[in-house]
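This report describes a protein model, with attention to its helices and aromatic rings. The sequence and structure come next.

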Amino acid sequence: MLFCLGIFLSFYLLTVLLACWENWRQRKKTLLVAMDRPCSESGHPRVLAEAFPGSSPYEGYSYGSFDNGSSSADGAVDSTGSVDVSYSYSDPVGSRPRLDSLSSVEEDDYDTLTDIESDKNVIRTKQYLCVADLARKDKRVLRKKYQIYFWNIATIAVFYALPVVQLVITYQTVVNVTGNQDICYYNFLCAHPLGNLSAFNNILSNLGYILLGLLFLLIILQREINYNRALMRNDLYALECGIPKHFGLFYAMGTALMMEGLLSACYHVCPNYTNFQFDTSFMYMIAGLCMLKLYQKRHPDINASAYSAYACLAVVIFFSVLGVVFGKGNMAFWIVFSVIHIIATLLLSTQLYYMGRWKLDSGIFRRILHVVYTDCIRQCSGPLYVDRMVLLVMGNIINWSLAAYGLIMRPNDFASYLLAIGICNLLLYFAFYIIMKLRSGERIKLIPLLCIICTSVVWGFALFFFFQGLSTWQKTPAESREHNRDCILLNFFDDHDIWHFLSSIAMFGSFLVLLTLDDDLDTVQRDKIYVF
């Protein structure tokens with residue numbers, strides 16, 4: 001038990017040391033900035049609000065003259081000599097006028113929509129959309145919107161966990177009273193009891209999910225405090241640069257990791273077929289929240305609301321339960337599920353390609369026919385957003401292949417099959433994000449790069465131990481015992497416990513990757529950061 005605690009408490013110590021080093025580095029950087037006037041990556045001189053309290057932070061940019069709430073086209077000329085058309089409106093953070101450049105494109109690059117003059121999503125017919133165009137909504141409104149993710153998942157966790165705990169305690173009581181060892185599929189060669197628990201080691205090894213989830217929440221809290229302090233002192237970089245900071249989804253991810261540890265421990269109180277859905281429920285949540293966070297980074301104004309996101313995840317868990325009850329060898333169930341899977345993939349692809357502007361209403365079929373006629377029959381034109389189209393084509397190929405595999409093979413472990421769909425889509429989107437980030441001329445800093453490398457290695461070792469298969473409820477209890485193995489660590493932990501240790505560390509590392517991936521953009525104007 002002390003060994004288990006020591007492993008994960010060492011991450012707390014390492015985090016404190018890194019925080020101290022980062023604080024020292026920032027202080028040193030601040031002193032250098034005070035001695036020399038910094039420049040942005042685009043080469044323009046940058047004026048700090050603290051150094052010149054009486055001037056606008058954008059005085060050093062030569063964008064022309066701007067009034068509060070007005071627009072101007074008086075000749076903001078960039079380095080190539082083209083004219084920039086820019087708009088400004090009052091900043092909800094304070095009374096200082098805020099500039100949102102339209103990223104060096106001409107006025108006719110926009111659809112003739114009245115929305116362009118208001119504080120709504122700016123939709124462009126060119127493929128070079130920038131984060132500034134999708135970060136126009138009131139920061140306070142968005143902050144509340146994303147905080148709902150945390151409070152909703154906290155409520156879901158309480159109502160989901162309480163009956164699960166009650167159920168597994170009942171299972172364990174039945175095993176202890178009746179002496180029937182066939183109810184629960186333990187690794188009997190490495191099952192160490194404690195009190196009424198038959199396999200305490202399998203429960204204890206889930207402690208990493210809880211401790212590292214809590215550590216991630218503390219890291220997010222510290223980042224949010226620093227960011228809010230920067231906003232209070234009107235820090236230029238916090239107000240106008242980098243990916244917009246919204247922490248609600250990160251809080252939800254940390255809470256989901258903690259709940260994964262709790263529910264995995266509940267499953268290992270009495271592992272069997274009906275309990276396995278508890279072990280995977282919050283894995284679906286984690287995969288969905290990570291994809292939402294990746295999308296939110298470049299689309300802060302048009303990301304899904306917490307209610308619609310959790311409603312979709314509830315549908316996923318509902319199908320998981322149906323698969324557990326009706327999925328075994330039921331051809332009708334697999335046909336229905338595969339059809340729904342393919343239709344959902346197509347609808348989601350359409351929404352992503354058009355960035356939420358494709359309405360799902362009674363006129364959808366008429367619009368589909370119109371697009372097919374204009375783009376494929378009357379005039380064969382290529383896709384407007386080529387990179388996004390490549391991602392969606394690959395995603396559809398993978399999802400259609402998974403649907404075909406499920407329909408043909410009809411695997412008994414439906415929960416793992418459903419989880420594989422979520423993980424494949426998450427990995428595909430993450431790879432696309434990394435590739436597009438590098439293609440856009442951005443870079444990956446040392447800390448996220450180390451996190452990516454270390455996390456990938458840990459995931460590899462974790463999956464090795466996961467596939468050892470020490471027991472299986474897909475066979476009879478007698479056949480499952482033939483897979484049992486002795487302990488391999490301290491004569492107390494088995495292969496599956498090592499999977500728990502390594503996978504919790506790998507998930508924590510994956511969250512850190514999402515948190516730090518765009519730190520290189522913290523000093524880059526938002527109208528220089530591309531949307532993809």
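## Burial and overall make-up

Of the 532 residues in the protein, 47% are buried, a term that means under 20% relative accessible area with a 1.4 Å probe, protein chains only. The model is predicted: local features need pLDDT of at least 70, side-chain atom pairs count only at pLDDT 80 or more, and totals for chains, interfaces and linings use all residues. Residues are numbered from 1 along each chain as its sequence is written, and side-chain values use heavy atoms, with hydrogens and water left out.

The protein has 15 helices and three strands; these are DSSP runs, numbered from the N terminus, with helices (H or I) of at least four residues and strands (E) of at least two. Among contacts (heavy atoms within 4.5 Å) with a separation of 6 or more, 75% are between residues 24 or more positions apart.

## Helix H2

Helix H2 covers residues 139-178, and its end C-alpha atoms are 59 Å apart. Its 40 residues should span 58 Å at 1.5 Å a residue, which agrees; the expected span is 1.5 Å times one less than the number of residues. The buried residues of H2 include Leu 142, Tyr 146, Tyr 149 and Ile 153. Gly 179, with a positive phi near 75°, follows the helix.

## Helix H9

H9 has 23 residues and reaches 33 Å from its first C-alpha to its last, close to the expected 33 Å. Met 355, whose phi is positive and near 55°, follows H9.

Among the buried residues of H9 are Phe 333, Trp 334, Phe 337 and His 341. The buried residues of this helix pack against helix H8 (306-326), helix H11 (386-409) and H12.

## Aromatic rings

The whole structure contains 34 aromatic pairs. Rings of Phe, Tyr and Trp (its six-membered ring) pair if their centres lie within 6.5 Å; planes under 30 degrees apart count as stacked, over 60 as edge-to-face and the rest as tilted. Trp 334 and Phe 414 have ring centres 5.3 Å apart and planes at 70°, so this pair is edge-to-face. Trp 334 lies in H9 and Phe 414 in H12 (residues 414-439), so the pair ties together parts 80 residues apart in sequence. Both residues are buried.

Phe 464 and Phe 465 also form an edge-to-face pair, 5.3 Å centre to centre with 80° between the planes. Ring pairs link a cluster that includes Phe 318, Phe 319, Trp 334, Tyr 405 and Phe 414.

Terms used. Buried < 20%, exposed > 50% of the residue type's maximum accessible area, 1.4 Å probe, protein only.
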